[in-house]
Amino acid sequence: MIEDEEQIRSMYQVAFEALGFVFDSAGDGEKGMEMTKANKPDLILLDIMMPNVDGLTVLTQIKNDPNLSTIPVIMLSNLSAQENVDKAMTLGAKNYINKSLVKPREAAEKVKAILSNPI
Amino acid sequence: MKLRIKIPLLFLVVVIVFMVIVHFILSSVVLKSYLDLESQEAIKVSERLQQSIQDRLTTLDSKSGDWSNWDDAYNFVVNKNQEFIKSNIQNTTFASLNINFMIFYDATGSVVFGQGYDNQNKKILTLPPFFLNKDRQQFFTPENFSQPRLGLVNVDGKIMYIVFKPILTSIGTGPAHGMLLFGRYLDSQEVKSLAAIEKNPLEYHLYSDTKLPWDYKNAKNYFQNNKGIYLLRESEQILGTYTLFYDIYNKPIIIFEETVNRDIYSYGKKNTYITELFLLTAGVATALFMIIILLNKLILSRLSKLTREVQKIGPSGSLSLRVSSFGKDELGTLADEFNKTLGNLESATQAKIFAEQRSQSLLGVIEEAVIITNVNNTIVYTNDACEKFFGYKKEEMNNKLISECFELFDKKEKPLDRSFLKKLVTSAPSGNSVTIYIKGRNEKLAVIVTSSEIMVENAIRGRIYVFHNITGEVELDKQKDDFFSIASHELRTPLTVISGSLDNIIQGYGKSSLSDVDLKALQNSVSSSERLTRLVNDYLDVSRLEQGRVVLNIKTVEADALVKSIEVEMQPLFAKKGIELKFNCDKNHGPVMADEDKLKEVIINLIGNSLKFTEKGEISINHSVENGLLVTRVSDTGMGIAKDKQHLLFARFQQAMDNTTARRAGGTGLGLYISRELVKLMGGTMVLEKSEPGVGSTFCFTLPLAK
C-alpha cells in the first residue's frame, strides 16, 4: 500500500494481515516505487493525493515499467469525482475504491476476489 | 369669421354697394336729365303742332282778307246784288280757297249770302244753325260784331277753323257794312295733313266728349289743374304728348295726342347702361384692388409678420418663445396651433432631455460596463465602468468592432467565437444573460453579459451589452469550492480511519473478545461515522453540482435492467423491514440517455427515501413512456407528506418531516435536491406527483429516450 496517512496504513495492515495477506506499505510515492521495484508485490493499493509524487504519477511509472506493468493496481482515494476515476482507469488501474465508503475488510475482500480471478 | 367667408363676403358687399350707388346716381341724375330732355322735346313737338294750327288760321285769315277788304263785297252786303255772287263765287272757289263755308253778314247780323261746300265729295252743304242764330253766339253781339276773330269752334260736334272779319272797302276803310266768315272743317283729312307735317302719328278727341279713353281722361284731369302739355310714357318706346286747344271763346275744345318715339330716352338708357357697365367693370376692378389691399392687410402682412416671428424662433432654437396672437380666423388658429405645437415640443424636448440625462447619469453611475454598438457591431458608446473594467479609454473603443477590443472565453475559459456576442443577442433579442470571460487590456474578467437589440420602428438600430463583473464572486466561489474540497477530504480521512478501525475491532482482527455492550457501542460508532461520511459526501456533491463541476457520462442505459439490478441489490433491506418491492414495466421501450452511475444514485435515493418512511405495505417502481420520455414513478404506502411541507422537499438541507422522524431516518436532507439536480443535468424533470399523509407518496422523474 502506498498511502501518506500512517493511520490508514496501519488500519489496512491489521485487516489485511488478519485475512492472511502479506502486507507492506510506503508513506509516499517515491518510497512506494522503491519498494515495488524491490519486492514486486502481487497487488498494489495506491492513494492519489500524496505529497511530492502523487498516486497517478506512481501509477504511470508502474505501468511504464515493463517489469512492473503486470502488477494490478487498485486506486484507493477520497477523490470520488468521475474524472479522477476515468483518468486512473485510463492509466491502467485495475479498480477504483472510494476510501471513505469502503472499509478495510471490504477492500481486502475485493483484493482477494481480484487475485483469485486474475482475468 | 373665417377668411374664406370673410373675403368673398367683403367682395360681394363692396360690389353691391358700389352698384347701388352707381345705379342711383345714373338713374336719378343722368337718366332724369334724359327724361327732362325728352319732356322739352315733347313740348317742342306740342308747340310745333300749335304753330301748325296757328299757320292754318293765318292762311285762312290772309285769304279772307282779299274778300273782306274789297269794294265789290262792300257794296254787295248793302245792295245785295246777286251779280256779285254769280260772277265771283262758284263751287270751285271753295276748293281754290280750301274752305268749306263762306258767309256774308250785313250790319245787322243777318246772313246776306252763305254757302257750304264739301270739296272732297263735291256737295253743297247746308249752313249749320250755329252760323244763323246770332243771338246765341257771343261774337255776334253788336259790340263784338265789328271785331275780327279767328280760331277754332265746335260746330255741332265738329271742329272747324273759322275767320270772322268786318267787310271794308278795298283800301280798308269803313264803316264796316257787314262781316265775312270763312270756315274750314278740321276733319280726318286735315288731321292726316297735320300728322304729315309733324311726321308723327296724330289723334284727337273732343274735350267735351263723355266717352274719352283712359289716357285722354288722365290728360283732361291734368289739364283741369295745369297748363302746358301732358306726357304719358306709354312704354319704353312710345311717348304720348297731349296738347289742349281752346276755341275762340277761350274754352277747352280739343285734345291732340301726338305719339312720339322715345329716341332720347332710349339713347339715354343705352348710355346709362353703357355707363353702368363701364362703372361696373371699374367697380369690380376697384373692389378687386381694395380686396388686394385688404388681403394684404388681413392676410399677407399678418402672414409676413407670422413668418418673421416663426423665423426668429427657428434659428434661436429656443422652444420657450411663442408667436403673438393673431385673432380668431385661420391665421389666428394657425398661430395658436403653432404655439400649441411649440408647447408640446418644448415639454417633449424637456422630457427627452431629462430622460437622456437620466440615462447618462444612470449609465455613468452603475457598476456594470455598458457597450452600445450599431447594427454592424461597431462600438458607438461605452460608459465609465468600461474604462475601469477593460483598461481602455473610451476613445480607444469608439468606432471599433467588439472583436477588435476584446477576447471572449467561455465558462471553462476556452476561447469563444468572434461573433459570439452577436449570436447571443440574435438568439434572444429581448435580453439574454450568459456567464463568460472577457479580456480587454486589463486582466481577464468573469462577467454575466446581458444583451438586447435596440429596436427603432421595427428595425434593429444597434445592440446593447451590459457586463456585470462577477470576477470577485467567481474567485470567492472557487476559494469556497477549494476550501470545501480540502475540508471534505480532510474530514474524510479521520472518518475513514475511525470507521475502518472500529470495523477492524468488530471483526475481531485484534484477537480481543468483546462484550455485547462493547460490540453495540462499537456498532453505533460505526453507523454514526458512516452517516458523517455520507453527509460530507453529499455536501461535496451539492458543492460540485452548484459549481457546475459534475461531469456526466451520458450513454444509452437500459433503464429496466438497471432497476432490476437495484431491486436485487436492495432486496435484503426490504426483507429486513418486511416490505415488498415491485417493479412494473408496462411495455418494452428502448434505452434512455443517461449517466448510469448517476441514474442509479437517483433511483436508489428515491427507493431509499420511500423505504425510510414506509413501515408496512409496498414500494412500487413503474416505467412508462409519455410524450417521448421515459417516466419513472416510485410509489410507496408510507406516511406521506403534508401539503404545507411539500414545497420544502427539494430544497437543500430540508426534510419535510418533523425533526424526530428525520433523525430516526438518518437522512442528510440533500438526497432529493441532489437527485433532482442530476435528473435536470440528464435532461429530465423530477416532481412529487402526489402525496397524502397516511396513504403514501409518488415521486416521478423523466429521462429522454435514446433515438
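Two strands are taken to pair if DSSP finds at least two bridges between them. In strand 9 of chain B, Gly240(B) is the residue that stands opposite Leu232(B). This contact belongs to the pairing of strand 8 of chain B with strand 9 (residues 238-246) of chain B, which run antiparallel and are joined by five bridges. The model described here is a predicted one.

Confidence in the prediction was examined for chain A. The mean pLDDT of chain A is 89, and 97% of the residues score at least 70. Within chain A, the highest confidence is found in strand 1 (residues 44-46), at 94, and the lowest in helix 4 (residues 82-91), at a mean of 85.

Strand 1 (residues 101-106) of chain B is mostly covered, six of its six residues being buried. Phe101(B), Ile103(B) and Tyr105(B) point one way from this strand, while Met102(B), Phe104(B) and Asp106(B) point the other way; all are buried. Strand 1 of chain B pairs in the antiparallel sense with strand 2 (residues 111-118) of chain B over five bridges, and Phe101(B) has Gly116(B) as its bridge partner in strand 2 of chain B. Four residues lie between the strands in the hairpin of strand 1 and strand 2 of chain B, where Gly109(B) takes a positive phi near 100°. Strand 1 of chain B is also joined by six bridges to strand 6 (residues 178-185) of chain B, and these two strands run antiparallel. The bridge partner of Met102(B) in strand 6 of chain B is Phe182(B). Elsewhere in the sheet, strand 4 of chain B and strand 5 (residues 158-167) of chain B run antiparallel and are joined by seven bridges; Asn154(B) has Ile159(B) as its bridge partner in strand 5 of chain B.

In helix 7 (residues 188-198) of chain B, the buried residues are Glu190(B), Val191(B), Leu194(B), Ala195(B) and Glu198(B). These residues cover an arc of only 140° around the axis, which puts them on the same side of helix 7 of chain B. Lys192(B) and Ala196(B), on the other side of helix 7 of chain B, are exposed. Lys199(B) follows helix 7 of chain B and has a positive phi, near 60°.

Positive phi values were also examined in two loops of chain B. Lys80(B) has a positive phi of about 55° although it is not a glycine. Lys80(B) lies in the loop between helix 2 (71-79) and helix 3 (83-88) of chain B and is partly exposed, with a relative accessible area of 41%. Asn627(B), likewise a residue other than glycine, has a positive phi near 55°. Asn627(B) is placed in the loop between strand 20 (618-626) and strand 21 (629-636) of chain B, and counts as exposed at 79% relative accessibility.

Over all chains, the structure holds zero disulfides. Cys405(B) is in no disulfide, and the nearest cysteine sulfur, that of Cys386(B), is 9.8 Å away. Cys405(B) is buried, with a relative accessible area of 6%. Cys700(B) is buried as well, with a relative accessible area of 8%.

Methods
Residues are numbered from 1 along each chain as its sequence is written. Chains are lettered from A and ligands numbered from 1 in the order in which they are written. This is a predicted model: local features need pLDDT of at least 70, side-chain atom pairs count only at pLDDT 80 or more; totals for chains, interfaces and linings use all residues. Side-chain values use heavy atoms; hydrogens and water are left out. pLDDT is the predictor's confidence in each residue, from 0 to 100. Buried means under 20% relative accessible area, exposed over 50%, partly exposed in between (1.4 Å probe, protein chains only). The arc is that of the directions from the helix axis to the C-beta atoms. A disulfide is a pair of cysteine sulfur atoms within 2.5 Å.
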